[in-house]
Amino acid sequence: MEIAVRGAMSVMDKLGILTDAAKYDVACTSSGVDRSNQGQGMGNSIASGICHSFSADGRCISLLKILFTNECIYDCKYCINRKSNDVPRASFTPDEVADLTMEFYRRNYIEGLFLSSGIINNPTFTMELIYHAIYKLRFQHHFQGYIHVKAIPGADPLVVQQLGFLVDRMSVNLELPTKEGLSLLAPNKTRKSILAPMRQIQNQIVSSKQEIAVYKAAKPFVPAGQSSQMIIGATPESDYQIMSVAEGLYQKFQLKRVFYSAFIHVNEDKDLPALPGGPPLLREHRLYQADWLLRFYGFEAGELLSEERPNFNILLDPKADWALRHLEQFPVEINKATYQALLRVPGVGVKSAQRIIAARRSQKLGFDELRKIGVVLKRALYFICCNGRMMYPTKIDEDYITRNLIQVKEKLPFSLDGTTYRQVSLFDDVSFHGQTNREERQLALFGQI
Amino acid sequence: MNKVLICEDTLIGIFTGIYVAYEKKMDHSLIQLQLQNHEELLLFSEYENVTADEEKAIKVIRTLKKTFGDDVYQWICYALATTDTLKADAVYHGIVCGLSMKQKQDFMGNLANPYIHTIFKLSRMASNETHHWLGFLRFQQLENGILFSRIGAKSNILTFVAPHFQDRFPNENFMILDEVRNLCVVHPARKQWVLVSGDLIAKEMVEKLSGSEEDYQSLFRYFCDKIAIKERVNLKLQQQMLPLRYQEYMVEFQ
């Protein structure tokens with residue numbers, strides 16, 4: 001009976017089920033490889049990556065993100081596809097995957113394919129299925145666009161190696177930041193089995209780079225590097241622990257990216273936290289900000305957080321928070337400071353720091369020029385001076401600057417907690433429309449208010 | 001007496017204008033470049049029309065590439081693709097400033113100069129838009145197998161978009177029509193793309209879609225709908241990343 005139902009499933013139904021199942025995977029980047037077409041088939045790849053659309057949640061759609069199958073022998077508690085869930089199951093055939101990818105790509109809907117999978121029979125078997133689909137795409141259809149696949153922990157290293165030569169990016173999900181969390185929520189996975197393929201991919205990337213240096217025609221192995229992702233807020237780790245894990249992944253495993261995904265409650269389970277306020281989006285946002293600081297701004301996790309202060313400030317971004325605790329290093333003289341010092345100024349990003357360096361070669365910079373360059377002066381003004389002068393007479397005082405920085409509304413991709421109202425109480429002393437006018441003051445004088 | 005040179009709004013026209021301005025051997029601050037149909041009348045000025053001359057323009061282009069490098073030339077081309085009316089003057093005075101710089105390769109870095117800053121701003125605008133169209137442009141397969149796409153670009157970015165798609169789809173026949181300018185990129189399979197202007201495209205031909213086209217469109221629409229996480233829905237963010245002016249050309253929003 002069940003087979004009959006499945007046999008009738010159209011590509012549309014399968015796409016629905018397998019997209020639904022894949023949407024919680026975060027990585028949707030198509031960056032890291034520059035490759036032009038060799039004249040056969042279709043496709044190329046651009047190092048900057050290209051976003052092709054944005055879904056209703058504001059996340060970019062650049063790859064056809066699907067699972068090969070959502071059947072799974074594992075029972076991870078946070079996952080919608082776990083064995084014990086009663087959800088509709090479907091599997092693509094390699095031909096269907098190839099056909100969808102090619103036809104979407106021709107119409108410029110997507111930049112390539114992101115293929116992950118639930119585990120069917122065993123990890124090696126699943127990886128072999130993925131390999132067949134990718135092989136078809138690369139050698140029958142001569143698809144030269146971007147392909148990202150998941151390496152499944154526990155699969156035979158040989159399959160991982162074979163697949164690595166066909167794809168641009170591979171990723172192994174770390175799932176949860178610590179070993180304890182993993183054993184609680186993903187009993188079928190261990191830290192060791194996750195790190196093993198990660199190490200294998202790292203080593204092969206390095207050796208393939210060396211080979212290419214000697215012999216140009218050597219096949220590149222995972223040229224866009226590997227990435228990973230962790231679920232945030234399902235287990236009680238602090239931000240400091242998470243950042244330290246991410247830093248370890250960047251340094252020891254040379255990962256290109258670590259993605260953080262705010263935990264979304266899809267299963268009812270006693271081991272999962274209840275999140276009445278929705279997924280922890282602000283926390284996820286702060287982690288990404290800090291992640292950028294690690295990768296592009298020369299910060300270390302230990303500078304941003306510590307055992308004593310294990311979590312990020314809700315009101316301030318991590319960089320401003322750091323700057324406020326290190327006021328002795330400010331103000332920075334824009335016309336003389338090193339690139340590294342400029343990067344640490346709140347309101348100055350990588351691009352504006354580079355522009356400052358380039359622009360001050362030709363002439364001395366003042367605040368007007370900085371504004372043109374793209375420095376966010378309302379945040380930076382407490383930390384910089386131009387030609388020995390600050391923009392306004394400013395106290396270099398932590399409380400004073402904090403107060404002012406909090407008033408500058410931070411641009412968040414969502415409203416802070418989703419609410420714009422609050423409960424009013426009789427004892428609140430709130431002025432609802434800001435300043436009082438003259439009439440009101442007069443009324444107050446005569447005791448009429 | 002101030003001099004105002006009026007040039008055509010094309011790459012060749014503006015570069016010819018710059019050539020003519022240098023030919024005058026006047027103080028550069030007395031010369032202004034304006035675009036045809038966007039003239040601004042100034043007192044005490046002499047007006048002169050410049051006819052586009054390919055030879056002169058090529059000389060300017062050669063000098064630009066030689067002194068500043070290909071990258072800067074590319075930036076300038078992007079700036080001139082915008083619809084800003086002050087672009088010709090900014091490029092002209094920017095070049096004057098650039099030629100007096102010691103390190104000429106640092107041209108785009110000299111953002112403290114107002115003209116170079118304008119070039120920078122405009123060219124960033126056009127190159128960002130180009131990058132957006134690379135992703136947001138949608139092809140439809142017509143009955144005769146040709147991939148056809150319609151775009152409505154703010155800047156004239158068709159020539160920046162075309163090489164990317166030629167490289168991506170070398171074996172496809174495709175066309176990209178800029179509705180605003182009535183320009184069209186035509187790429188016959190395995191050949192060099194060409195730019196065609198004017199009303200060459202028959203409406204009836206473009207409306208006849210291939211049999212499977214509708215299926216793939218609805219598949220993609222369904223995919224876009226399914227990929228969104230309901231708990232995170234944020235339409236404001238979506239619109240910020242993907243402004244409405246692009247959405248009207250995209251199948252998933254129709």
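Domain bounds here come from an automatic or database domain assignment. With that noted, I looked up chain B and found domain 1 (2-129) and domain 2 (133-253).

**Ground rules.** I am reading a predicted model, in which local features need pLDDT of at least 70, side-chain atom pairs count only at pLDDT 80 or more, and totals for chains, interfaces and linings use all residues. Residues are numbered from 1 along each chain as its sequence is written, while chains are lettered from A and ligands numbered from 1 in the order in which they are written.

**Domains of chain B.** I checked the C-alpha centres of domain 1 and domain 2 of chain B, and they lie 32 Å apart. Six residues from domain 1 of chain B and six residues from domain 2 of chain B make the contact; two residues are in contact if their C-beta atoms, placed from the backbone, lie within 7 Å.

**Chain B overall.** The C-alpha atoms of chain B fill a box of roughly 65 × 45 × 35 Å along the principal axes. I find 10 helices and eight strands in chain B; these are DSSP runs numbered from the N terminus, helices being H or I of at least four residues and strands E of at least two.

**A sheet in chain B.** I traced an open sheet of three strands in the order S2-S1-S3 of chain B, with parallel pairing; strands pair if DSSP finds at least two bridges between them. Its edge strands are S2 (31-35) and S3 (45-49) of chain B, each pairing on one side only. The twist averages 25° from one strand to the next; axes are lines fitted to C-alpha atoms, for helices over the stretch in contact, and angles run from 0 to 180 degrees between N-to-C directions.

Strand S1 (residues 2-7) of chain B is joined to S2(B) by five bridges. B:Ile6 has B:Gln34 in S2(B) as its bridge partner. Helix H1 (residues 11-23) of chain B lies across S1 and S2 of chain B, at about 155° to S1(B). Helix H4 (residues 87-99) of chain B packs on the sheet too, touching S1 and S2 of chain B, and its direction makes about 145° with that of S2(B).
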